[in-house]
Amino acid sequence: MPKPVIATHGLGKTYHRLWQGTTVAVQDLTLTVPEGSTFGLLGPNGAGKTTTILMLLGAIRPSSGQFSLMGQGMRDTAVRRRIGYVPERFQLPGYLRAREFLGYQGELYGLGGEALRRRIDEMLKLVGLFERAESPIATFSKGMQQRLALAQALLNDPDLLILDEPTSALDPIGRRDVRVIVEGLRDRGKTVLLNSHILSDIERVCDRVAIMRKGRLERQGSIASLLEGGISLQVRVGGLTPALTEALGHLGTGLRITQQDDIAELALDVSDEARIPLVAEAVSTAGARLYGLIPTRESLEDLFVRVVEEDA
């Protein structure tokens with residue numbers, strides 16, 4: 001496996017407030033984000049995702065555990081220059097023009113001169129704001145501001161890009177554009193940590209995910225391995241017989257039957273694709289009529305809901 005860009009061990013954050021008591025935001029988080037991966041950080045509201053990101057960025061101090069970024073701690077300013085970040089909640093200076101804002105951000109990264117001007121033009125074109133380069137940010141919609149925030153995060157050509165809900169204010173076209181940008185970064189070997197509630201976007205662009213719940217890590221791994229497993233079959237037959245019911249029970253598990261007149265709707269889980277033609281063959285052998293056979297695999301959304309609601 002490639003070397004980790006982000007590695008945490010036993011990371012935790014606990015808040016002690018006189019008026020609220022003790023709140024455990026993150027506890028015992030051991031997380032590994034390999035170099036060159038597009039990593040989705042998932043969880044319901046209050047799971048501890050943003051708190052985790054803020055600890056990685058050095059914005060808040062952990063209560064326990066340790067972490068490293070690109071093999072170094074956040075005290076190393078050289079590491080900070082290699083990171084791009086878009087926060088979930090951001091407020092851009094409305095009195096600045098888009099180009100002025102990016103120029104200021106570039107200077108903070110130590111960029112300047114003609115190289116910075118070319119980079120600003122490149123980023124404005126990338127996020128679709130080049131024609132609004134001289135417009136005050138105050139005239140931008142929320143989606144346009146989110147695009148500009150992404151442009152500033154990419155300005156320093158970061159090795160690690162951290163995006164906290166980067167598409168929350170974007171329309172479908174804007175979401176697609178962000179996906180294309182993330183895919184381009186992945187193809188260039190960059191590492192992206194993406195926190196989003198839009199699981200379809202995560203499933204499209206990420207190769208690895210972690211699911212948090214109540215401050216704890218519940219699942220971690222490649223999407224392929226986490227979704228690996230059985231297949232659910234929806235079978236619609238006419239002329240269901242006890243012999244067919246028994247045969248299907250041997251081919252799969254969790255057989256559920258809904259009967260309406262002569263038509264039966266069956267659902268069962270099978271271990272692999274090789275069982276699918278055997279199900280169709282069993283229907284034919286029993287003399288029943290096959291009207292439909294639909295296999296489905298668990299989606300990332302299905303897995304997410306199952307993990308989050310496990311102890312509900």
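## Cavities

On a 1 Å grid over the protein atoms alone, a cavity is a set of points where a 1.4 Å probe fits but cannot get out. Lining residues are those with an atom within 4 Å of a point. Grid points are joined across faces, edges and corners, and a volume is the space filled by probe spheres set on the points. The structure is a predicted model, in which local features need pLDDT of at least 70 and side-chain atom pairs count only at pLDDT 80 or more, while totals for chains, interfaces and linings use all residues. Residues are numbered from 1 along each chain as its sequence is written, and side-chain values use heavy atoms, with hydrogens and water left out.

The whole structure holds 2 cavities of 30 Å³ or more. The largest cavity has about 80 Å³ of space. Its lining consists of P166, T167, R175, V178, R179, V182, L194, S196, D201 and V205. Two or more of these residues come from each of α6 (172–187) and α7 (199–205), and α6 supplies the largest share, 4 residues. Helices (H or I, at least four residues) and strands (E, at least two) are DSSP runs, numbered from the N terminus. By class, the lining of the largest cavity has 5 nonpolar, 2 polar and 3 charged residues. Here Ala, Val, Leu, Ile, Met, Phe, Trp, Tyr, Cys and Pro count as nonpolar, Asp, Glu, Lys and Arg as charged, and the others, Gly among them, as polar.

## The second cavity

The second largest cavity has about 40 Å³ of space. Around this cavity are L126, V127, R147, L150, L170, G174, D177, V178 and I181. Both α5 and α6 give two or more residues to the lining, and α6 gives the most, with 4 residues. The lining divides into 6 nonpolar, 1 polar and 2 charged residues.

## The largest pocket

A pocket is an open set of points with protein on both sides within 12 Å along at least five of seven lines. The largest pocket contains about 340 Å³ of space. It is lined by 11 residues, and L57, R80, I83, Y85 and Y109 are the closest to its centre. The elements that give two or more residues are β5 (83–86) and α3 (98–108); β5 gives the most, with 3 residues. The lining has 6 nonpolar, 3 polar and 2 charged residues.

## Helix packing

Two packed helices are described by the angle between their axes and the distance between the axes. Axes are lines fitted to C-alpha atoms, for helices over the stretch in contact, and angles run from 0 to 180 degrees between N-to-C directions. The axes of α4 (residues 113–126) and α5 (residues 142–154) come within 9 Å and cross at roughly 140°. The two helices are therefore oblique (angles under 35 degrees count as roughly parallel, over 145 as roughly antiparallel, 65 to 115 as roughly perpendicular and the rest as oblique). Contact (heavy atoms within 4.5 Å) involves R119, M123, L124 and L126 of α4 and L148, A151 and L154 of α5. These contact residues are 6 nonpolar, no polar and 1 charged.

The axes of α3 and α4 come within 10 Å and cross at roughly 125°, so this pair is also oblique. From α3, the residues A98, R99, L102, G103, G106 and E107 meet L116, I120, D121 and L124 of α4. This contact has 5 nonpolar, 2 polar and 3 charged residues. L124 of α4 takes part in the contact with α5 and in the contact with α3.
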